[in-house]
Amino acid sequence: MRCSKTMTSVSILVLAVCLLAGSNNDSGCSSGPSAAGARLEGSKAWSKAFFARHGIRTAEFVVATTMREADAALARLGADVVVKADGLAAGKGVVVCDSVALARAACERMLVLGELGEAGRRVVLERRLRGRE
């Protein structure tokens, strides 16, 4: 059998945590960004700073590591915010809020109670944008 006569499409799911660890470069078994490129997905705070540094449009944001910083961010941004765990949280690290109380509770769960472990030790609070993504 010759591979050139067979058209096959294969999709392989590679976990972001593997890409961040650089396994894409080491194994040669997957296709994706390098560990440096995957950092855009691995840290929301790093991504937002990268966007700001390079003039890439993004929602207004504040990075917080304490409730005091989160409260200051909420005073500045208002109630319509999205709270994001900075690190990888397996799809559980984003809370879309429509009240300061909800946003504050989300920050407290991540920063104080540690519900998302290391992923939630730093949060990004960003102004909620409306419309199509």
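**Strands first, then helices**

Mentor: Let us begin with a single pair of residues in this predicted model: phenylalanine 61 has glutamate 126 in β4 as its bridge partner.

Trainee: In which sense do β1 and strand β4 pair, and over how many bridges?

Mentor: In general, strands of a sheet pair through backbone hydrogen bonds, and the pairing is either parallel or antiparallel. Here β1 and β4 (residues 123–127) pair in the antiparallel sense, over four bridges.

Trainee: What is the order of the strands in the open sheet?

Mentor: The four strands follow the order β1-β4-β2-β3, with antiparallel pairing. At the edges are β1 (61–64) and β3 (94–96), each of which pairs on one side only. On average, and ignoring direction, neighbouring strands of this sheet are turned by 15° against each other.

Trainee: Which strands does α6 touch when it packs on the sheet?

Mentor: Helix α6 touches β1, β2, β3 and β4, and its direction makes about 5° with that of β2. Helix α4 (residues 44–53), for its part, lies across β1, β2 (81–85) and β4, running at about 50° to β4.

Trainee: How are two packed helices described?

Mentor: One gives the angle between their axes and the distance between the axes. For helix α5 (residues 67–77) and helix α6 (residues 100–112), the axes come within 10 Å and cross at roughly 155°. Angles over 145 degrees count as roughly antiparallel, and α5 and α6 are therefore roughly antiparallel to each other. Their crossing is right-handed.

Trainee: Which residues of α5 meet α6?

Mentor: Met67, Ala70, Asp71 and Leu74 in α5 do so, and their counterparts in α6 include Val100, Ala103 and Arg104.

How values were computed:
Residues numbered from 1 in each chain as written. Predicted model: local features only at pLDDT ≥ 70, side-chain atom pairs only at ≥ 80, totals over all residues. Heavy atoms only, no water. Axes fitted to C-alpha atoms, helices over the stretch in contact; angles between N-to-C directions. Helix = DSSP H or I, 4+ residues; strand = E, 2+ residues; numbered from the N terminus. Parallel < 35°, antiparallel > 145°, perpendicular 65-115°, else oblique. Left-handed = near helix turned anticlockwise from the far one by under 90°. Contact = heavy atoms within 4.5 Å. Pairing = 2+ DSSP bridges.
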